[in-house]
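Hi,

Here is the structure I promised to pass on.

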There are 2 protein chains.
Amino acid sequence: MSLHVGVDVGGTKVLAGVLDADGRVVRTALRSTPGRRVSPGMVEDALTEAVAEVADGRTPDAVGLAAAGFVDVDRERVMFAPHLPWAGEPVRARLEDRWGVRVVLDNDANCAAVAESRLGAARGATSALVLTLGTGIGGALVLDGHVLRGAQGMAGEFGHMQVVPDGRGCECGRSGCWEQYCSGNALLRFARARVGVEPTMLTDLCGGRPERLTGPQVTDAAEDGDLVARQAFASVGESLGRGLAALVAAFDPEVVVVGGGVSAAGDRLLDPARAALARHLVGADHRVLPPVRVGLGADAGLVGAALLAEEASAPGGAQMRAPSSNGSRGSRGIRATR
Amino acid sequence: MSLHVGVDVGGTKVLAGVLDADGRVVRTALRSTPGRRVSPGMVEDALTEAVAEVADGRTPDAVGLAAAGFVDVDRERVMFAPHLPWAGEPVRARLEDRWGVRVVLDNDANCAAVAESRLGAARGATSALVLTLGTGIGGALVLDGHVLRGAQGMAGEFGHMQVVPDGRGCECGRSGCWEQYCSGNALLRFARARVGVEPTMLTDLCGGRPERLTGPQVTDAAEDGDLVARQAFASVGESLGRGLAALVAAFDPEVVVVGGGVSAAGDRLLDPARAALARHLVGADHRVLPPVRVGLGADAGLVGAALLAEEASAPGGAQMRAPSSNGSRGSRGIRATR
């Protein structure tokens, strides 16, 4: 029986997992990401441990990596990652050499889009716009089952579309970026500003310390009827719909999928987004509005990476890639080094 | 020798033309567009006259139509056009029946993108973002030589991306649309507001009547050193670059092409656009900026339509389409009815 491992390499954690035949995650292994100021080798060690644990003594047929960073168009290197010590690192070949198994690499939002396209809310659609609302906005356009990669592998960076001239400052160094108004961070900013100011159960939930408030707490409070929490989702949802109007006008996708942690709120987020999309989309009276659907959960990146691994090792698969020539020099099998 | 006619069906004029072997327009025929409140048949009459004149007694192998309106995904109908009496009209089949020759139909911005991709500034690029700056903004994304049509044939509507919340009112009924800041209309609004107010040769050019000022006059005045005219292009160029930053982040095209009447100003428009793109594009330090090039002139739509006609009648052409079953019932050859 074949074994394909998917790994989500995020800024705070490394999560490896294996899917069953229906694409459900059946086994996972978690490690902390060592951080940005360590050697690249330390991140590779954490990856190796997580993959070894989930592989449970077997050698995978292939491993897929979903990296939180810019991946080059050849999918060989992580060019830049805000929370990882990789800058131009040839991650794919290096891990393939180390492990002696086929490794495929892609950006985490692209992997999530693959998962939505194969198994999730975009299944069967010829085109899909997939957003991942987490700390920021990840995005991808899927056309005929393929992620639009762009000339430099950098397509899908929707989060830094400017929606307010001279608006809120963004970590990217510019201002007014969409993700400053539509993301987990935007949700928390809205909610935290009201802790101790307006009557809200959020104040108790964070013990009166707004900086301790978490996204899931806001989601739970909204579920329990808290007005401020609901307003936070309505605000983010409105921004979501406005931005979607620009992207739907540009791409005209068959379906829009919104995943990531913030999407756990479901229609509380998506209903205001749908309403804003209908208000702001040009020619809305002359077209069918695309459905806006909730995506897979927080493990979409992992699932997509595992699917890419599976496709890479399938005979004649489009994503197939021969192991690098010196792959056999790597230690056979995957063993934790510590 | 084969004969392929391209027709640009615009809001004010119908322009038919024929290309030589190098893709240059060698013969044109012009008619006024009868307007919006006439019968669809009257527009078809104008088209027939223009095509008959340019065909000069011969029967074309195929005719391509570049329509200023929304074309359905099957490229059979003009669903909606602000300046034409077509609303869901099956234009392609009707003209094919009337003329007894193969007819292909597409949106004018898509046709211009085809022209740029085959013969213009995007030639040889695997992906191109093509904008047509005229009264408003026409746009298309070309991927591997094909225009991205979208699920409903409505992709590429970049002009109504909201760039200023609650900004300038737009003809589309919304506000803050990009084309309110970046188009021929935006250029004229900027220039007209300064006629008789600031020292500018534009005042003389329009006889002190700002409403008579034309785009080409602003272009000429800028060329002659007029400061206000140059500021108008700098303003539109800045907006162009800001919007391009959002689209380049989304699509990551190999090249950006800006055509249409406003682009006649060349680098006077594009230099500020390039500077704004570099300032506003996320990750600009970690990527190569795509070149921003001037596109073909005002006849790009016509040229693209003629190329589509050529491709449609080529044996085994991807765009090939059999004449509708009752095509032979139409009058053979194209003759003006008046």
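**The interface and the helix contacts**

In this predicted model, 39 residues of chain B are in contact with 39 residues of chain A, contact being heavy atoms within 4.5 Å. The size of an interface is often given as the accessible area lost when the parts come together. Here the area buried between chain B and chain A is about 3300 Å², with carbon and sulfur atoms giving 57% of that; buried area is the accessible area (1.4 Å probe) that two parts lose on being put together, summed over both. On the chain B side, the most area is lost to chain A by R174(B), D252(B) and V282(B), together 18% of what that side buries.

A word on conventions. Residues are numbered from 1 along each chain as its sequence is written, and chains are lettered from A and ligands numbered from 1 in the order in which they are written. As the model is predicted, local features need pLDDT of at least 70 and side-chain atom pairs count only at pLDDT 80 or more, while totals for chains, interfaces and linings use all residues; side-chain values use heavy atoms, with hydrogens and water left out.

On confidence, the model scores ipTM 0.90 and pTM 0.91. Chain A averages a pLDDT of 92, and 94% of the residues score at least 70; pLDDT is the predictor's confidence in each residue, from 0 to 100. Please be careful with residues 318-331 of chain A, where pLDDT stays under 50. Where pLDDT is low, the predicted coordinates should not be read in detail.

Now to the helices (DSSP runs of H or I, at least four residues, numbered from the N terminus). The axes of α6(A) (residues 215-223) and α7(A) (residues 227-251) come within 7 Å and cross at roughly 115°. Axes are lines fitted to C-alpha atoms, for helices over the stretch in contact, and angles run from 0 to 180 degrees between N-to-C directions. α6(A) and α7(A) are therefore roughly perpendicular to each other (65 to 115 degrees). Their contact is made by V218(A), T219(A), A221(A), A222(A) and E223(A) of α6(A) with A229(A), R230(A), A232(A) and F233(A) of α7(A).

Helix α4(A) (residues 184-192) also meets α7(A): their axes come within 9 Å and cross at roughly 140°. From α4(A), A186(A), L187(A) and F190(A) meet V228(A), Q231(A), A232(A), F233(A), S235(A) and V236(A) in α7(A).

Best wishes

Terms used:
Helices (H or I, at least four residues) and strands (E, at least two) are DSSP runs, numbered from the N terminus. Angles under 35 degrees count as roughly parallel, over 145 as roughly antiparallel, 65 to 115 as roughly perpendicular and the rest as oblique.
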